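This note accompanies the entry shown below. Please read the numbered points beside the sequence and the coordinates.

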Amino acid sequence: MDWVRGEKLGQGSFATVSLAVPRGRSSCLPPLMAVKSCGVSHSSSLVNEKLVLEELKDCPEIIRCFGESFSCENGEKLYNVLLEYASGGSLADKLKKSGDRRLPESDVREYTKSLLKGLRYIHKVGFVHCDIKLQNILLGPNGGVKIADFGLAKRVGRKSGVPGCELRGTPMYMSPEMVSAGEQGAPADIWALGCLVAEMVTGAPAWSSSDVAGLLMRIGVGEEVPAIPGILSEEGKDFLGKCFVKNPSKRWTAEMLLNHPFVCDQEDLYGDSFAALKDRREITASTSPRCPFDFPD
Ligand code: ADP
Ligand code: MG
């Protein structure tokens, strides 16, 4: 695959991301792509990312991968992975640009719903992302969510995850089972999603501590959960409560959360007939086995 490197888009811990323009005409490639590159000597996580993305095709909420290539630039041998270009930047950029660093709850609901669709797909195929955070959630040209940075992603055989692996990920988003037992399963992504939702709503990380060791003690040993932001609607507070269940096997799954009223329009569940029904309490309490949410009085 022949392409030309364009302007730099972002910098990660090991990799640099730039625009990539395919050389010549190719009917199967878009006119603009992103290329994630790093030196071949420390390319293991980028190779992992490419292999995982190849198994996660066909989900609009996940960044697409168009292949890999090697190049030699400024005397360095590089490994490159060609990706769908997410022209809207990351959710972290979006928060920075919004005046008070936070997003309206209506936007947060939409982003959360798309993230859940992406996570449901990732978990169904048998992977865990392991690094869900604002910087790794990108936005497409129409503002749609594109989950990116699968460098730490891995396959898990069981829902509850793999115990005993090393501590990997970003401390602010780490789940209690990850910190206390090195257990990285699908529920850890849901915990991280909860941290991300709290951050989008308040503009501040779910944890305010900058003392990483102390924070890990509070999460893993003290079994603390992040504070639920007071400015959230009751539905939002309940949603976060389901993400921050300490026991990973009792934490709600992406599939379950997609039916939570924070992200689920009642029309999604009941069709147009819902519009005729005025009392949401009545319909939720009496007819919804899939929506186990208690509306507050
Ligand atoms: P790392 O694994 O090193 O953290 P990421 O994949 O998270 O690298 O990319 C780092 C940054 O580069 C992202 O936060 C984003 O700003 C930018 N970036 C990454 N992939 C793309 C893409 N496909 N389109 C546009 N920008 C991207
Ligand atoms: Mg990243």
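1. Basis of the note. The model is predicted, with local features requiring pLDDT of at least 70 and side-chain atom pairs counted only at pLDDT 80 or more, while totals for chains, interfaces and linings use all residues. Residues are numbered from 1 along each chain as its sequence is written, chains are lettered from A and ligands numbered from 1 in the order in which they are written, and side-chain values use heavy atoms, without hydrogens and water.

2. The chain overall. The protein chain has 10 helices and 9 strands, taken as DSSP runs (H or I, at least four residues; E, at least two) and numbered from the N terminus. Of its 297 residues, 49% count as buried (under 20% relative accessible area; exposed is over 50%, partly exposed in between; 1.4 Å probe, protein chains only). Among contacts (heavy atoms within 4.5 Å) with a separation of 6 or more, 58% are accounted for by residues 24 or more positions apart.

3. An open sheet is formed by 5 strands in the order 1-2-3-5-4, with antiparallel pairing; strands pair if DSSP finds at least two bridges between them. Strand 1 (3-11) and strand 4 (65-73) each have a single partner strand, so one side of each lacks a neighbour in the sheet. On average, neighbouring strands are turned by 30° against each other, direction ignored (axes are lines fitted to C-alpha atoms, for helices over the stretch in contact; angles run from 0 to 180 degrees between N-to-C directions).

4. Strand 5 and its surroundings. Strand 3 (residues 33-39) and strand 5 (residues 76-84) run antiparallel and are joined by 7 bridges; Met33 has Glu84 as its bridge partner in strand 5. Helix 1 (residues 44-55) lies across strand 3, strand 4 and strand 5, at about 30° to strand 5.

5. An aromatic pair. The count comes to 3 aromatic pairs (rings of Phe, Tyr and Trp, the last by its six-membered ring, with centres within 6.5 Å; planes under 30 degrees apart are stacked, over 60 edge-to-face, the rest tilted). The Phe70 and Tyr79 rings have centres 5.2 Å apart and planes at 50°, so this pair is tilted. Phe70 is exposed at 55% relative accessibility, whereas Tyr79 is buried at 1%.

6. Asn80. Which side chains make a polar contact with the side chain of Asn80? Asn80 lies in strand 5 and is buried at 0% relative accessibility. Its side chain makes polar contacts with those of Arg5 (3.3 Å) and Ser71 (3.0 Å); such a contact is a pair of N or O atoms within 3.5 Å, within protein one able to donate a hydrogen and the other to accept it, and residues adjacent in sequence count only if both atoms are side-chain atoms. Not counting residues up to four places away in sequence, Asn80 also touches others, including Trp3, Val35 and Gly67.
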